[in-house]
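Dear colleague,

I am passing on the structure we spoke about, and below it I have set out what was found in it. Please read the notes with the coordinates open beside them.

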Amino acid sequence: MNRLALMFCLAGIVGASLQVPALGEQATGATHPFPARSSDELPELTEEATLEDYLVYAALKSPALEAAFYEWQAALKTIPQARSLPDPELSYGYFIREVETRVGPQQQRFGLSQMIPWFGKLGLRGEIALQEAHSAEQQYEVAKLRLFRQVKETWYETYYLGRAMAITRENAELLSYLENVARTKYRAGAGSHEAVIRAQVELGKLEDRLRTLEDQIRPVRARLNALLNRPFDAPLPLPESIPVEPLSLSEEDLLAQLKDGNPLLRALDFAAARQEAAGRLARKNFYPDFMLGVDYVDTDRAIAPTRDNGKDPVMARVAINLPLWQGKYRAAVDEYQKRQKAALAQRADRESQLVADLQMALYRFRDAERKIELYRDALIPKAEESLHVTQQAFAADRADFLDLIDAERLLLEFQLSYERAVTDRAQQLAEIESLVGREISGAT
C-alpha cells in the first residue's frame, strides 16, 4: 500500500500546481468590516450637531446601507470561487469477483481524476464574478447616496418647519397685541368693530397655522429618526440655519460628472461588461475540457511464484468531452451578445432619464436662488418698511387698522416664502449631488 500513499501524495502536488491563484478582495478595492455601531462611536445629535454628524450617524446605523455593504462583500467572495478548479474526484472499485492475472488476483481499484477547463475559461469566470462585484459595489454607492439625500432633505425640512413656527409665533404675538389695541380703541369709541373682528380672524388663522406646523414636525422627525435607525419619537433638535453658498460647478461640468460618476450608470457599465465576458466564455465552450486521472489497482500475490508477483499496476488516464452539439453553443454566444446590447440600451435610457432629472433639479435650484434673492433683498425689506410706516401712520390716526393687519400678513407671507426658498434650494442641491455621485465643492 506504500505505492497508493505515494500516488495520492503526487496527485496532491499536481492538483496544487494546477490550481489557479484566487483573486482576493483587492479586485474592487480594500475591504473592511462594516463600521462598528456602538454608542461610543456615534456622534451626539445635540443642538450643536451639524449636518455632517447626521450623515455619519446614518451611515453607521442604517440597516439598508449595511445590507448593501454586505451584498458587495459577498459578491467579492465569489471571485476566488469562480477562478478555482473544480474539486478532484476520488473513486473506488471493489472486484466482487477477483480478476485473475499472471501476477495475481486484482482485488480493488482506487482512482483520482481532475477536470481542467479549456485554456482561459477560469480567467473569464473570474472576470464575470469581478464585474458582478463591481456592480454590487456601485449598488452600495447608490444606496449610500440615496440615504444621504434623504437625510439631507428631511433635515432641511425640519429647519423650515422650525423657522416657520418661530416666524408664525412672532407674528401671532404681534397680531395679539394689535387685537388688544383694536379692542381698546373700540371700547373707547375710537375704533370700529370690524377691525376687532378682522384682527381676531387673522389671529385665529395664525393659531391654526401654528398648530398645523407643530403637528407636521412630528412625522418629519419620525422620518428622520427612521433614516437614522432610532425610535420614531426620539428627540431631535431643530436646525437653526442653513448655509447659502454658491454652486461652484457649471451645468456642463455637472453633466460630465453625472455621465462619468453616477454609480447607477457605472453599475450598468459593469453589467454590460459582465455580459461581454460571458459571451467570450460561451465561445470557449466550442473547445473541449480535459480530465487527467490516475488509477491504482490493488493486486494480491499469485499462488504460483512468477515474475512481478503481486505487483500493483498504476495507470494514467486522460479524457476530453466532445462539444458536438454546436447549435447550443452558438445560441449561447448569441444570447450573451443580445444581453450585452440590452444592457447598453438600458444604460443609454437611464442616462437620458438622469440628465432630464438633473435639468429639472437645476431649474428648481435656480428658481429657489432667484426667490431667495428676491425676498431677501427686495420684498422682505420693503414689507418691513411698509409695516413700519403703516404702524406710524396708524399711531397718528392717518391709517386704517385693516391696513396695518394687511401689512403684517404680507410680511409674514414673505418671510415664510423666503425660508421655503432657502429650504428648497438646499434640498435641490442634495438632489444634484445624488445625481452627479459626489459632494459638490462650495455646497452645503
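Does Glu419 count as buried or exposed? Before the answer, please keep in mind that this is a predicted model. Glu419 is found in helix 9, which covers residues 401–436, and at 5% relative accessibility Glu419 counts as buried, because the limit for that class is under 20%. The side chain of Glu419 makes a polar contact, at 3.4 Å, with the side chain of Arg163. Leaving aside residues up to four places away in sequence, Glu419 touches Tyr159, Tyr160, Arg163 and Ile167.

Overall layout

The protein contains 9 helices and 4 strands, and from the N terminus on its elements follow the order α-α-α-β-β-α-α-α-α-β-β-α-α. Of its 444 residues, 42% count as buried.

Helix packing around helix 4

Helix 4 and helix 9 pack at an angle of about 175°, and their axes are 9 Å apart. Since angles over 145 degrees fall in that class, helix 4 is roughly antiparallel to helix 9. Sorted by class, the residues of this contact are 18 nonpolar, 6 polar and 11 charged.

As for helix 3, made up of residues 63–82, its axis and that of helix 4 come within 8 Å and cross at roughly 170°. Helix 3 and helix 4 are therefore roughly antiparallel to each other, and the residues of the contact between them comprise 16 nonpolar, 2 polar and 5 charged.

A buried asparagine in a loop

What does the side chain of Asn262 reach at 2.9 Å? Asn262 is found in the loop between helix 6 and helix 7, the latter being residues 263–284, and with a relative accessible area of 3% it is buried. The side chain of Asn262 reaches the backbone nitrogen of Leu264 at 2.9 Å, while a polar atom of the side chain of Asn262 also lies 2.7 Å from the backbone oxygen of Leu435. If residues up to four places away in sequence are not counted, Asn262 touches Gln257, Leu354, Ser434, Leu435 and Val436.

A positive phi

Most residues other than glycine have a negative phi. Asn229, however, has a phi near 60°, a positive value in a residue other than glycine. Asn229 lies in the loop between helix 5 and helix 6, where helix 6 is 251–261, and with a relative accessible area of 33% Asn229 is partly exposed.

Two pairs that are separated along the chain

Phe110 and Asp295 are 185 residues apart in sequence, and the C-alpha to C-alpha distance between them is 5.6 Å.

The other pair involves Ala348, which lies in helix 8, residues 326–395, and which at 42% relative accessibility counts as partly exposed. Ala348 and Leu268 are 80 residues apart along the chain, and their C-alpha atoms are separated by 9.4 Å.

Note on methods. Residues numbered from 1 in each chain as written. Predicted model: local features only at pLDDT ≥ 70, side-chain atom pairs only at ≥ 80, totals over all residues. Heavy atoms only, no water. Axes fitted to C-alpha atoms, helices over the stretch in contact; angles between N-to-C directions. Helix = DSSP H or I, 4+ residues; strand = E, 2+ residues; numbered from the N terminus. Parallel < 35°, antiparallel > 145°, perpendicular 65-115°, else oblique. Nonpolar A, V, L, I, M, F, W, Y, C, P; charged D, E, K, R; others polar. Buried < 20%, exposed > 50% of the residue type's maximum accessible area, 1.4 Å probe, protein only. Polar contact = N/O pair within 3.5 Å; in protein donor to acceptor, adjacent residues only side chain to side chain. Contact = heavy atoms within 4.5 Å.
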